[in-house]
Amino acid sequence: MKNILLATLMFVSVNADNLAMPKSWKRGITVVQYNAGFNKSNSIENLTKLADAKVYDAWIDQDPEMKETGRIKSVPTIIIYNNGKEVRRWEAGLMMKLDISYHEIQKFIDELTGADKF
């Protein structure tokens, strides 16, 4: 019985991260901005200008599973995934704002892809 319980717990913990993550987020570099409607004015602008990455908005008030997928504690939160694995995260503080620009995010993407070497 103990072995069955341990196997079940391992299966659940291994698959929990991928439960709600769309397949498209698991290929290449993906930037996801998690936010909620009440805080929309604090979204980072111009993310669609990012090169060499797919960009998505995840509204946690419209899709609560997204909050669990990204382990979101505050909004907005921006996470960069590389082939489905989180490689960088920016989280808002008490004022529910992020102090970054899309230029800073692009710089990190360029480091990931090697584009900063040229």
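Which residues are buried in helix 3? In this predicted model, they are Tyr 102, Ile 105, Gln 106, Phe 108 and Ile 109. Viewed down the helix axis, these buried residues fall within an arc of 160 degrees, so they line one face of helix 3. The face turned away from that buried side carries His 103 and Lys 107, which are exposed. Helix 3 itself is made of twelve residues, and the distance from its first C-alpha to its last is 16 Å, close to the 16 Å expected at 1.5 Å a residue. Just after the helix comes Gly 114, with a positive phi of about 90 degrees.

What does the buried side of helix 3 pack against? Its buried residues meet strand 1, strand 3 (77-82) and strand 4. Leaving aside residues up to four places away in sequence, Gln 106 touches Lys 49, Leu 50 and Ala 51.

Strand 3 pairs with strand 1 in the antiparallel sense, over six bridges. Within this pairing, Thr 30 has Tyr 81 of strand 3 as its bridge partner. Strand 3 also pairs with strand 4, again antiparallel and over six bridges, and here Ile 79 is partnered by Arg 89 of strand 4. Strands 3 and 4 form a hairpin with two residues between them. In the turn, Asn 83 has a positive phi of about 55 degrees.

Trp 25 sits in the loop between helix 1 (2-16) and strand 1 (29-35), whereas Tyr 56 belongs to strand 2 (residues 54-59), so the pair links distant parts of the chain, 31 residues apart. Are these two residues buried or exposed, or something in between? Trp 25 has 4% relative accessibility and so counts as buried, while Tyr 56, at 27%, counts as partly exposed.

A further pair leads back to helix 3. The rings of Trp 90 and Phe 108 have centres 6.2 Å apart and planes at 85 degrees, which is over 60 degrees, so this pair is edge-to-face. Trp 90 lies in strand 4 (residues 85-91) and Phe 108 in helix 3 (residues 102-113), so the pair ties together parts that are 18 residues apart in sequence. Both partners count as buried: Trp 90 because its relative accessibility is 11%, and Phe 108 because its value is 18%.

Finally, which residues do ring pairs link into a cluster? The members are Trp 25, Tyr 34, Tyr 56 and Tyr 81.

Terms used: Residues are numbered from 1 along each chain as its sequence is written. This is a predicted model: local features need pLDDT of at least 70, side-chain atom pairs count only at pLDDT 80 or more; totals for chains, interfaces and linings use all residues. Side-chain values use heavy atoms; hydrogens and water are left out. Helices (H or I, at least four residues) and strands (E, at least two) are DSSP runs, numbered from the N terminus. Buried means under 20% relative accessible area, exposed over 50%, partly exposed in between (1.4 Å probe, protein chains only). Rings of Phe, Tyr and Trp (its six-membered ring) pair if their centres lie within 6.5 Å; planes under 30 degrees apart count as stacked, over 60 as edge-to-face and the rest as tilted. The expected span of a helix is 1.5 Å times one less than its number of residues. The arc is that of the directions from the helix axis to the C-beta atoms. Contact means heavy atoms within 4.5 Å. Two strands pair if DSSP finds at least two bridges between them.
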